[in-house]
Amino acid sequence: CADGFLLDGFPRTRAQAEALEAALAAAGRGALDVALSLEIPAAEVVARMSGRRVCRQCGAPYHVVHNPPRAAGVCDLCGGEIYQRDDDREATVRQRMQVYEETVRPLKAFYEERGLLVAIDGRASPDGVTERVLAALERWH
């Protein structure tokens, strides 16, 4: 990590962020340069996640809107049954979003207090989000 490193999905809580900051300081590494937050409205997250489907047999991913199978409920690759995982059901996703908001709010405040938080609009295409992330990182180096 002499030239730098990227953490994805960590830290997830303010306590973890404080522990990371202390560990970096103890190792003589200093602080993080930037904390990126990919921002997507909760309603869109719910629509994206609750629309996910997967083949029971081969695990191929589908989405009811963005990537439906050619035949409803049948995998294009192996003919297996396509189903919705329990953790992708709308009620479960909404509950996960509530917990996420409760834990991420203090984490974002932690990095905002240090002038490190950069919000990225995550509603664009994957390539568009990648461009925004790279542009934000270039500003810091």
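Angles under 35 degrees count as roughly parallel, over 145 as roughly antiparallel, 65 to 115 as roughly perpendicular, and the rest as oblique. This is a predicted model, in which local features need pLDDT of at least 70 and side-chain atom pairs count only at pLDDT 80 or more, while totals for chains, interfaces and linings use all residues. Residues are numbered from 1 along each chain as its sequence is written, and side-chain values use heavy atoms, with hydrogens and water left out.

First, the helix pair. Helix α2, residues 42–50, packs against helix α3, residues 90–113, at an angle of about 140°, and their axes are 9 Å apart. α2 and α3 are therefore oblique to each other. Axes here are lines fitted to C-alpha atoms, for helices over the stretch in contact, and angles run from 0 to 180 degrees between N-to-C directions. Helices are DSSP runs (H or I, at least four residues) and strands likewise (E, at least two), numbered from the N terminus.

Which residues make the contact? From α2 they are Ala 42, Val 45, Val 46, Met 49 and Ser 50; from α3 they are Glu 90, Val 93, Arg 94, Arg 96 and Met 97 (contact means heavy atoms within 4.5 Å). By class, the residues of this contact are six nonpolar, one polar and three charged. Ala, Val, Leu, Ile, Met, Phe, Trp, Tyr, Cys and Pro count as nonpolar, Asp, Glu, Lys and Arg as charged, and the others, Gly among them, as polar.

Next, the open space. On a 1 Å grid over the protein atoms alone, a pocket is an open set of points with protein on both sides within 12 Å along at least five of seven lines, a cavity is a set where a 1.4 Å probe fits but cannot get out, and lining residues have an atom within 4 Å of a point. The largest pocket has a volume of about 1,800 Å³. Its lining has 46 residues, and Asp 8, Gly 9, Leu 36, Ser 37 and Leu 38 lie nearest the centre. α3 gives the largest share of that lining, 11 residues. The pocket lining divides into 29 nonpolar, seven polar and 10 charged residues.

The largest cavity has a volume of about 50 Å³. Its lining includes Ala 17, Leu 20, Phe 110 and Tyr 111. α1 supplies the largest share, four residues. By class, the cavity lining has eight nonpolar residues, no polar and one charged.

Key: Grid points are joined across faces, edges and corners, and a volume is the space filled by probe spheres set on the points.
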